[in-house]
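Here is a short briefing on one protein model.

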Amino acid sequence: MQAIVIGGGIIGLSSALYLQQSGWQVTVIDKDGLLNNCSYGNAGYICPSHFIPLATPGIIRQGLKWMWNPQSPFYIQPRASWPLIDWGWKFMRSATPEKVRAAAIPLRDIALFSQRCYMDWQGIAGFDMAYEHKGLLEYFQTPEKEEHAHHTCQQANDLGLDAVVLSREEVQAMEPQTKLAINGALYFKCDAHVYPNKVMGSLIRHLKALGVQFRTHEEVTGFEKNNGRISGVKTNRAMYSPDIIVLASGSWSRELAAGAGLKIPIMPGRGYSITLENSSNKLNYPAVLMEGRVAITPMDGNKIRFGGTMEITATNQPPRMGRVKGIIDAVKRYLPDYHIPMPQEKEVWFGFRPCSADGMPYIGRSKSVTNLVVATGHAMVGMSLGAGTGKLVAEIANELKPSVDLMPFLPERFQ
Ligand SMILES: Cc1cc2nc3c(=O)[nH]c(=O)nc-3n(C[C@H](O)[C@H](O)[C@H](O)COP(=O)(O)OP(=O)(O)OC[C@H]3O[C@@H](n4cnc5c(N)ncnc54)[C@H](O)[C@@H]3O)c2cc1C
């Protein structure tokens, strides 16, 4: 049985792994060279702590306030675009306290499941991910964020997640070599992190060894349909007739899904990161700057990565260096002794998070196109949910009972 996976990011590659392992002959098609996509330069958090989806009432209020600030961490590029208006409308309708509450259990369950899958990968010979289970500190500086931290900690504990609020002194004792300008932190002991570039490299090597075929620099341009099934996958080079197709094309999934007759609202949410090697800046634990909305990850021994910004924009826009400066300035406010040199434009990594309209990924078999499995829209948690999503895709393709309830993730929920 032949499977085509469209997209070689973490979601596509994890899907390819579990499909090939369960007996499918898999071909991964990617329009680029598999050397860079959103799955490389991210912060690497494998984080059950992220049980609050992107679409919250708070983010809309904050986004409107930040609209005209070129260094702000959240920005929507205003433009006359029907997909953007449609996505924005659905996003606002999803950003209610009830929907945010309802998302918590499904997001926790899929994240814990995915974390277990990553732990399984550690057992694969030669598979190096620089996986570390140290937890995640969320630093706060203001009384508002401190209150928010206590509230989130209570929610996490109610969900059975190991989290605790620490005082400034307690955090400082965990980071003795770094001066911290904070009031305390929310410590999620349940979280882990990886070095994403190593995860991707290990996956590609392992998939090749398993016999997965790769077609790189080949773009899927459309589909031929027959009797509610895809009978042909068209690319700029060839036509394929697989038994099953996995749509894992990240921020480009909306257009591709539309070609198969599915409405999957997705907007690219650009983020930037800077990675320093052998830097004198040291941290023992990954950290999120709550007010600054920056993620800092010490990874792979001698590296430290600073990432942030959510810029709802088109994928062909040049990077906005003001936002990179915004990340660097935010770090300085929390870690006053840190020095991050302002990088040249060509040194800045950026990637497009596939943002669904309600902050929940789209995972499931299409109702209207029976041999199409959708796995996209993971927004800020694609790395975290990557391994688990791949296993779920294989369970769906093999018509097995999925390991987590897929109802909240139905791909055609906005149809
Ligand atoms: C700054 C930053 C920090 C982040 N930190 C974290 C974190 O700590 N933890 C976490 O869980 N997530 C994090 N994320 C989010 C995470 O990186 C994404 O959710 C994840 O990488 C999405 O994976 P993907 O496979 O869906 O998409 P991608 O990695 O973008 O892969 C999609 C692939 O599809 C290919 N493609 C698209 N269209 C076609 C086509 N027509 N034909 C063929 N190929 C096609 C593309 O070339 C691309 O290679 C972060 C993101 C950013 C930007």
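The points below are grouped by topic.

This is a predicted model, in which local features need pLDDT of at least 70, side-chain atom pairs count only at pLDDT 80 or more, and totals for chains, interfaces and linings use all residues. Residues are numbered from 1 along each chain as its sequence is written, and side-chain values use heavy atoms, with hydrogens and water left out.

**Helix pair α4 and α10**

- Helices (H or I, at least four residues) and strands (E, at least two) are DSSP runs, numbered from the N terminus.
- The axes of α4 (residues 97-121) and α10 (residues 382-397) come within 7 Å and cross at roughly 85 degrees.
- Axes are lines fitted to C-alpha atoms, for helices over the stretch in contact, with angles from 0 to 180 degrees between N-to-C directions.
- The two helices, α4 and α10, are therefore roughly perpendicular (65 to 115 degrees; under 35 is roughly parallel, over 145 roughly antiparallel, the rest oblique).
- Residues of α4 at the contact include Ile110, Cys117, Tyr118 and Trp121, and those of α10 include Met383, Ala387 and Leu392. Contact means heavy atoms within 4.5 Å.

**Nonpolar cores**

- A nonpolar core is a set of buried Ala, Val, Leu, Ile, Met, Phe, Trp, Tyr and Cys residues joined through side-chain atoms within 4.5 Å.
- Buried means under 20% relative accessible area, exposed over 50%, partly exposed in between (1.4 Å probe, protein chains only).
- The largest core has 76 residues, of which Leu19, Val26, Tyr118, Trp121 and Val199 touch the most other members.
- Helix α4 gives this core its largest share, nine residues.
- Beyond four places in sequence, Trp121 contacts Ser14, Leu17, Tyr18, Phe127, Met129, Val199, Leu203 and Ala387.
- Another core lies apart, with 36 residues, including Leu54, Leu84, Ala379 and Phe414.

**Cysteines**

- The disulfide count is zero, with a disulfide taken as a pair of cysteine sulfur atoms within 2.5 Å.
- Cys38 is in no disulfide; the nearest cysteine sulfur, in Cys355, is 8.6 Å away.
- Cys38 is partly exposed, at 23% relative accessibility.
- Cys117 is buried, with a relative accessible area of 2%.

**Serine 39**

- Ser39 sits in the loop between β2 (25-30) and β3 (45-46).
- Ser39 is buried, at 8% relative accessible area.
- Not counting residues up to four places away in sequence, Ser39 touches Gly9, Ile10, Pro196, Met200 and Met383.
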